[in-house]
Amino acid sequence: MKKFSLRMFASLALALFGLSFAQSWDGADSLPTNPLACGEGAGGGAMAALDYNGGQTMNAPDMMGQAINLIDVPKLVGIGYFAATTLGQQQAAEELGNVTVTTDAPTEANIDDQIAVIESYIASGNINGILFAANDPVAIAPVLRKALEQGIHVVGYDANSEPDAREWFVNQAEFNGIAKAMVDSLAKEKGDSAHFGIVTSTFTTPNQARWIAEMQAYQAACYPNMKWLETLEAQEDAVLSFNQANTLINKYGDELDGIFGMTSVATPSSADAVTQAGLCGDVAVVGLATPNGMKPFVNDGCVQSVVLWNPVDLGYAATYVMRAIVDGTLKAGDTSVEAGRLGTLQVVNGSEILLGAPYIFTPDNINDFDF
Amino acid sequence: MTKVFANPVNLLPLILGLLALISYQFLPFVNQPDLGATTISTLTAARANNELGISTNGISLLPIGAFAALLLGLWTFSNPQLGRAASVFSLLAGLLMLEYFALFFLDYLAQGASFIGSMGLGFWLLLILALLLIFQVFLPRSKAGKEFQLRTLLANQESAILMALVFLIVSIGLASPRFLATRNILDILQGNAYIAVAAIGMTMVIITGNIDISVGSLIGLLAVVSGRMVVAGNPIWLSWLMPLLVGALVGALIGFIVAYLKVPSIVVTLGFLSILKGGLIIWTNGERVTNMPDGFYLAQMKFFGISTPILFMIILTILAAIWMRFSPMGRSFYALGGNAEAARLSGFSENLILMQVFILNGIFAGIAAVLYATQLRVIQATPPPGLELAVITAVVVGGVSILGGKGTIIGATLAAILLNTIRSGMVFINVSPFWILAVQGILILVTVLIDLIRRQRQLI
Amino acid sequence: MALDTAKVENTMAKRLRNLLFSQEGILFIILVLVIIVLSGRNANFLSASNLLNQGRLMSEVGLVALPMTYIIITAGIDLSVGSILGLSAILLGVFWKNLGVPLELAIILALIVGTVAGYVNGLFIVRLNVPPLIMTLATLAFYRGLAQGISEAKSVTGYPEWFYIFGQKSVMGLPTQLWFFIIATIISIIILRTTTLGRYLYAIGNNPVGARFSGLPVARTLLVIYSYSGFMAALAAVIFVSRVTTTRSDMGTGLELDVIAAVVLGGTSIFGGKGGIIGTLIGLVLIQLLKNGLALSGVTSDATTIVIGLVLILAILVNNFIQRRRDS
């Protein structure tokens, strides 16, 4: 018995030793990056026109102008961000008058549960379209293809799936645009040789990994003297984000000039960590977050800039796009679509509809928003 | 209890630790030309801002030593049999403090400062305390302490965790000295404080041979209750109190179903996990709570330089530990878990005990929820994912037997601190974030193994 | 003669009553009631395609619930199943894509890894007397951590078409994974009911010390069932990967609670010694159909979570009540 436990100890110790020397991680994915040009300006620039690469429904009934019933399946319910997209959808439904949208999603961002929810609605046979934000671009694809096969229209927003598994995707802002806005904001606050850490959600969330990759590419091209220190994972856990931000502050001390928060949970928690450490002004917090969560810090002057698109508009646009597909006003190969109060939105990357450039909330304008 | 008082030597670590903390906080430690009479706390802050002419390596070791001595003293107090073991730890704490003095002394000589003249009262007091902490180990103990043996040291899970904790802190600190900065140590203590508080209630539940899987959802719900109440204009004290009341009510309901309707606790709380979580989402629709008034942030307040979550964690742990050991109700929990039949025969009402234990668990979840809600200026509408697992992990790593009847509160609190130390430490020694979870798993296993080897020794 | 018939009828009625008022019988009645109510709300609920599809979705949890029933009968528990699923899935992808192993072999290797992971759980539990809950709580973190570390947060996609037979295709009209589940269920029932291994499980659950002293191979039995649990989690992983066409290190998070809910709803006592596969099966179907049926009748997931929580408690309550009435 004793020998056995000793052996176990030895192997565990060995494993521990080995693991400590594994390489570090920056939180980026390995896809190619496409950094924007440096300096002022919204960016975007000329984009190579791509042929339509979305999917097609089969034998979809012609519902032009008729009332349609949509189901909205975000990554999860119970967080402020998706409450805002739901609000936008309801606004669009009210304006259009012939659309009903129901939001239903798992209570945790779980790929399997999300698939099960969509399966059930396909089986119910009384929906005409699915709006989704994918927990995983590949995992969700089979069930979406199944929906297309059964004549159900599919439009994504916020988090994409494989292109051929949906017809259109409403892109809140290009990844490289977000990256530019984030890095530029930090440079504006702390100069172009700032050292920064990142607090993100999990390694496996595709959007976050993409943003980080684009941020690093843009920083390397435009601010070569900036230095990335470390990326820490904090789930969608407010207190863990707070603890991780504190760990960054304690580990790097004066060396740390800024923290990027990659989620609407991580950013306010990082701001709280900086505030409670009495380091407002010394350590800048720049991040993706919804205005309501950030108002206390922005109004205090501890946070200068919050980057985000308007999630209400995102949900709103997705609903308009769906209506346009059903009515036949948006077809493969089109280059723009009308979206109510948002005006004309452009088609990019073949089958994506761009909501616009990312919005930067500042102390001057943040109190005008409520979501 | 009486045994502790029988020999005042047993109380030495406690008294010395307290004195050390007081002098750390209040007595001028050194007369700096540019800072005037300075306490260690301001010295530490000054050093962090590079305002100090001298490089005072290891300055943060001193408060840690003092703090450790205090904790150890308290620990002896609640566990008289361990007088010897604790005094050995106090010895280590004293040595740690002395090491600091050596470093500081060398620094000062190198600066060419007049040594004697610039030292404040605190310096001398702390030096004496450090020496006393070292020499108390040679003083005779009460009989309960017996001779010092490794076996005594390994006598319970608390010492195993404490050793793991000391080992981790020292080895990580050697690799990355900033880990030992007072601020980081306090952050580590604070980070899991609300989990430690929830673990107190969970410990009681598990000691009676039950389990509560719904505690994470309950904390999430109660935090929102607290936040919404204060935003709706209710007085702050009421918003702090209400989670405790609601928690007690939910606990009473769970306890009633478990005790009187005889549904196993794992089934009831699995059900409540779903009910509370779904209910919370329907209620809040995912909207966060913000704009709480300034006085609401209980967990951001500080007393004696130490933030309230740490104080709550320490005070509640000590009170609960003493209560569990000496009060009839606390003892009845152990009795029920150890042998329900015997407990019934000796006149305890099983159902009543179960009700009590779940109500207490709900109250502790309420306190944890208030600490959680007031830590940040935004209260999220969903509880942290996997919170119940974090609480249960702290409790079982702390040495509480899942089969009931065994374990202590202090072990669970130490385990909660250990888990957060691991999290923070892994970052400081640059373990690849990919592997942090695996390392955490291994370390939990190791702690459990230490406990098992210890128990086998005892059996043999 | 007349007396004889009466007697036969009497025993028949008694048997029927026993069956009806057994744990499984009551659950079955609840299940039927639920089906009747839900089918009234949406016509597609009882359609063959919907039911088969639900069978497909249920299979992974179901496969893991079979060994979990065994484990809970022995008064143990296995919280690490979700993490074993994640680890096996990741290794399947890594073996195939990064190490260039043929996919067929990678599947077998993933199954072996899962079994070994379960075996390690069993080894600690048996050899070092680590309580199962603590052991599997530790490996819940450790195996997930391995999955995360090995995968480095990258997912593996692009499997060959034939691989999708496990998760997306049908064989003889039934989804492939439902076949796996049905066969595994039948084998598990037979083992539990007719073999000595099955009897050992109940004996261990009822009185572990007694079982050891009466010379039962307790250690070997426990090793076998924890390895079985690991194997099934790995099998579920293969099916899951085939169904969603990708591997991620967070696959199967929270699976343990779904599985345990099905098992305890099925009447297997968490204190050991009581329960069976049929109960688990009914519990599983009940939860799955509730989720699906409520969604079909327009109830959202958050409300469904509440209903399932209530059903879990109420089902056990009703059963307790009836069993007590019968006993007195």
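For the 328 residues of chain C, a compact globule would have a radius of gyration near 20 Å, and the 21 Å of chain C agrees with this; the radius is taken over C-alpha atoms, and the globule rule is 2.2 Å times the number of residues to the power 0.38. The model is a predicted one, in which local features need pLDDT of at least 70 and side-chain atom pairs count only at pLDDT 80 or more, whereas totals for chains, interfaces and linings use all residues. Residues are numbered from 1 along each chain as its sequence is written, and chains are lettered from A and ligands numbered from 1 in the order in which they are written.

The C-alpha trace of chain C spans about 75 × 55 × 40 Å along its principal axes, and its secondary structure comprises 13 helices and four strands, where helices (H or I, at least four residues) and strands (E, at least two) are DSSP runs numbered from the N terminus. Within chain C, helix α2 (residues 23-41) packs against helix α12 (residues 277-296) at an angle of about 15°, with the axes 10 Å apart; axes are lines fitted to C-alpha atoms, for helices over the stretch in contact, and angles run from 0 to 180 degrees between N-to-C directions. α2(C) and α12(C) are therefore roughly parallel to each other, a term that applies to angles under 35 degrees. Their crossing is left-handed, meaning that the near helix is turned anticlockwise from the far one by less than a right angle. Among the residues that make this contact are C:Leu27, C:Leu31 and C:Val34 of α2(C) and C:Ile282, C:Leu286 and C:Leu289 of α12(C), residues being in contact if their C-beta atoms, placed from the backbone, lie within 7 Å. By class, the contact of α2(C) with α12(C) has 14 nonpolar, four polar and two charged residues; Ala, Val, Leu, Ile, Met, Phe, Trp, Tyr, Cys and Pro count as nonpolar, Asp, Glu, Lys and Arg as charged, and the others, Gly among them, as polar.

In chain B, the axes of helix α11 (residues 193-207) and helix α15 (residues 308-326) come within 9 Å and cross at roughly 20°, and the two helices are therefore roughly parallel to each other. α11(B) passes α15(B) in a left-handed crossing. The contact of α11(B) with α15(B) has 11 nonpolar, one polar and no charged residues.

Chain B also contacts both other chains considered here. Towards chain A, the contact takes 44 residues from chain B and 46 residues from chain A, and α21(B) supplies the largest share of the chain B side, 11 residues. That side has 23 nonpolar, 14 polar and seven charged residues. Towards chain C, 36 residues of chain B are in contact with 35 residues of chain C, with α14(B) giving the most to the chain B side, 14 residues. The residues of this side divide into 27 nonpolar, seven polar and two charged.

Chain A holds an open sheet of six strands in the order β7-β6-β8-β9-β10-β14, with mixed pairing, two strands being paired if DSSP finds at least two bridges between them. β7 (227-233) and β14 (359-361) of chain A stand at the edges with a single partner strand each, so one side of each is left without a neighbour in the sheet. The twist averages 20° from one strand to the next. Strands β9 (residues 284-288) and β10 (residues 305-308) of chain A run parallel and are joined by three bridges, and A:Val286 has A:Ser305 in β10(A) as its bridge partner.

Key
Two residues are in contact if their C-beta atoms, placed from the backbone, lie within 7 Å. Angles under 35 degrees count as roughly parallel, over 145 as roughly antiparallel, 65 to 115 as roughly perpendicular and the rest as oblique.
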